[in-house]
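Me: I would like to learn how to read a structure such as this one, feature by feature. Could we begin with the contacts and then work towards the sheet, the helices and the core?

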Amino acid sequence: MQLPYSDELEIQYLSRLFDNTSECYKFFWFQAIVTKVLEGKTVLTYEELIDEMIADAWYMVTEYHLNLGPRDTLEKVVHDIQKRSGMKSSEKKSVLIEYLKNCQESDINKQKRTLTKNVPYRLQAPFMNRLKGKDWDVSEKKLAERINQEKRLLYYFNELNGMQTTIRIQDEWYQYIHKNREIVKGWLQYNMITEYDESLVRKLIEKIMVYDDHFTVEFKSGLETEVAM
């Protein structure tokens, strides 16, 4: 599935965000960014993005029992929150977000912090060909400083401050996501379902219509996207 071309942006690198997905964090981190951008935000905290990730993963993990990875902290924190809160798999997202905002459980907050250790930095690796191998094995502060020297990224880091660290979405990417919102969301869902097993595909997709040069995918959420062949 292809993303719309842009004269101003490196769309080919955005298309490669999910080339290496040993864990699921990249999908949910990027989805959280898209959600917040479509709400009109350009400066986002780690806290609100991680809360969004957990809320987005909630139904998949608690209802469909989706295995997100062998050592996946996101899956674990969802299970731990459900065990402690007693919330149902069908709980409203707004209720989940409010619970996470007010959560004082130290181990839950520690797991949330763990989710910020890699993905905020490594998501944009396709944009940064100069960073290789051991270049990534430095402190978060040094890594953020190096990334902030790169050109034309999706976002940049403001001063690091634990879960209150903020990222700043670049104006051109903000406009691109808004202009192509349905295609970007469809592309993201398409990548998520192809990463997981056939049973999840059956649960998420309502129907697929095949034509001579393309096919359309209609998700049970109501979203429909077109894929060129």
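Me: Among contacts between residues at least 6 apart in sequence, what percentage join residues at least 24 apart?

Reply: A contact here means heavy atoms within 4.5 Å, and among contacts in the protein chain between residues at least 6 apart in sequence, 58% join residues at least 24 apart. Please keep in mind that this is a predicted model, in which local features need pLDDT of at least 70 and side-chain atom pairs count only at pLDDT 80 or more, whereas totals for chains, interfaces and linings use all residues. Residues are numbered from 1 along each chain as its sequence is written, and side-chain values use heavy atoms, with hydrogens and water left out.

Me: How many helices and strands does the protein chain have?

Reply: Helices (H or I, at least four residues) and strands (E, at least two) are DSSP runs numbered from the N terminus, and the protein chain has eleven helices and six strands.

Me: In what order do the three strands of the open sheet lie?

Reply: Two strands pair if DSSP finds at least two bridges between them, and here the order is 1-3-2 with antiparallel pairing. Strand 1 and strand 2 are at the edges with a single partner strand each, so one side of each has no neighbour in the sheet. Ignoring direction, neighbouring strands are turned by 30° against each other on average.

Me: How should I read the packing of two helices, and at what angle do helix 2 and helix 9 cross?

Reply: Two packed helices are described by the angle between their axes and the distance between the axes. Axes are lines fitted to C-alpha atoms, for helices over the stretch in contact, and angles run from 0 to 180 degrees between N-to-C directions. The axes of helix 2 (residues 25–38) and helix 9 (residues 171–179) come within 10 Å and cross at roughly 85°, which makes the two helices roughly perpendicular, a term for angles of 65 to 115 degrees. V34, V37 and L38 of helix 2 make the contact with Y174, I177 and H178 of helix 9. Helix 2 also lies across strand 1, strand 2 and strand 3, running at about 65° to strand 3.

Me: Which residues touch the most other members of the largest nonpolar core?

Reply: In soluble globular proteins, nonpolar side chains tend to be buried together. A nonpolar core is a set of buried Ala, Val, Leu, Ile, Met, Phe, Trp, Tyr and Cys residues joined through side-chain atoms within 4.5 Å, and of the 65 residues in the largest one, W29, F30, L74 and I167 touch the most other members.

Definitions and conventions: Parallel < 35°, antiparallel > 145°, perpendicular 65-115°, else oblique. Buried < 20%, exposed > 50% of the residue type's maximum accessible area, 1.4 Å probe, protein only.
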